[in-house]
Amino acid sequence: MNARAPLSAAAALAAAALAALAGGCIDTDAAVFVDPSIAAPEATVSSSALGTGLQASFALKLHLGPRASGPSRVAVRGFEISSADQKTAIVAPLPAETTTPLPVEVAPDSDVTVEFTFDTGAAGTTLPAEAAAALCAAEGIRVTGTIEDSLEDGATPVASAVFHARCP
């Protein structure tokens with residue numbers, strides 16, 4: 001019986017190891033359409049006699065899971081800066097720019113990040129003076145927008161977490 005005990009323990013260990021390996025291979029990522037998110041939103045507000053200046057940046061992160069039927073071409077419909085509750089558009093549209101050519105392709109089981117920036121100074125414009133109060137509200141602001149995913153009909157909304165602009 002003692003000879004069998006070590007063999008049974010070894011067999012049990014081997015079976016447990018195989019089960020662990022098989023369990024680790026199961027992918028539970030259900031993103032069959034592009035899952036967008038907005039990361040690292042930042043905004044700096046300035047005021048002058050001419051109006052309100054705004055510099056903003058954020059990253060649009062696009063994730064597509066391994067179960068997708070194929071790659072997706074993602075186009076951006078537009079962005080805006082809205083109130084924290086998303087009921088009021090403060091800067092709409094937000095003509096953010098990127099150096100990444102759009103649309104972008106997102107392959108199954110991959111992530112693509114597109115960096116966007118906006119600067120009224122570089123654009124030679126200003127926002128209305130009253131925009132400063134809304135951008136600097138104690139409740140915070142969000143970057144919101146919509147994308148078009150070639151794997152899905154219609155537009156997909158995306159919003160950042162609430163954040164606070166750097167204000168004068």
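**The disulfide of Cys136 and Cys167 is left-handed, because the torsion about its S-S bond is about -100°.** In this predicted model, a disulfide (a pair of cysteine sulfur atoms within 2.5 Å) joins Cys136 to Cys167, with an S to S distance of 2.0 Å. The two cysteines come from distant parts of the chain, 31 residues apart: Cys136 sits in the loop between helix 3 (131–135) and strand 7, whereas Cys167 sits in the segment after strand 8. Helices (H or I, at least four residues) and strands (E, at least two) are DSSP runs that are numbered from the N terminus. Cys136 is partly exposed, with a relative accessible area of 30%, and Cys167 likewise counts as partly exposed, at 33% relative accessibility. The terms for burial follow relative accessible area with a 1.4 Å probe and protein chains only: buried is under 20%, exposed is over 50%, and partly exposed lies in between. The structure holds 1 disulfide. The model is a prediction in which local features need pLDDT of at least 70 and side-chain atom pairs count only at pLDDT 80 or more, while totals for chains, interfaces and linings use all residues. Residues are numbered from 1 along each chain as its sequence is written, and side-chain values use heavy atoms, with hydrogens and water left out.

**Ring pairs join Phe58, Phe79 and Phe116 into a cluster.** Rings of Phe, Tyr and Trp (its six-membered ring) are paired if their centres lie within 6.5 Å, and planes under 30 degrees apart count as stacked, over 60 as edge-to-face and the rest as tilted. By this rule the count comes to 3 aromatic pairs. The pair of Phe58 and Phe79 is edge-to-face, because the ring centres are 4.8 Å apart and the planes stand at 70°. Since Phe58 lies in strand 2 (residues 51–64) and Phe79 in strand 3 (residues 72–83), this pair ties together parts that are 21 residues apart in sequence. Both Phe58 and Phe79 are buried. Phe58 also forms a stacked aromatic pair with Phe116, at 5.2 Å centre to centre and with 15° between the planes.

**Strand 7 (residues 141–149) and strand 8 pair in the antiparallel sense over 5 bridges.** Two strands are taken as paired if DSSP finds at least two bridges between them. Within this pairing, Glu148 has Ala155 of strand 8 as its bridge partner. The hairpin has 5 residues between its strands, and in it Gly154 takes a positive phi near 85°. In a regular strand the side chains alternate between the two faces of the sheet. Strand 8 (residues 155–159) has a covered face made of Thr156 and Val158, and an uncovered face made of Ala155, Pro157 and Ala159.

**The side chains of Glu148 and Arg77 meet in a salt bridge, at 2.6 Å from N to O.** Glu148 lies in strand 7 and Arg77 in strand 3, so the pair ties together parts that are 71 residues apart in sequence. A salt bridge here is a side-chain nitrogen of Lys or Arg within 4 Å of a carboxyl oxygen of Asp or Glu. Glu148 is partly exposed, with a relative accessible area of 32%, whereas Arg77 counts as exposed, at 52% relative accessibility.

**A salt bridge connects Glu42 with Arg166, the closest N and O atoms being 3.8 Å apart.** Because Glu42 lies in strand 1 (residues 35–48) and Arg166 in the segment after strand 8, the pair ties together parts that are 124 residues apart in sequence. Glu42 counts as partly exposed at 40% relative accessibility, and Arg166 counts as partly exposed at 48%. A search of the whole structure finds 2 salt bridges.

**The protein as a whole, for orientation, comes to 3 helices and 8 strands.** Read along the sequence, these elements follow the pattern α-β-β-β-β-β-β-α-α-β-β. Of the 168 residues of the protein, 34% count as buried. Among contacts (heavy atoms within 4.5 Å) between residues at least 6 apart in sequence, 68% join residues at least 24 apart.
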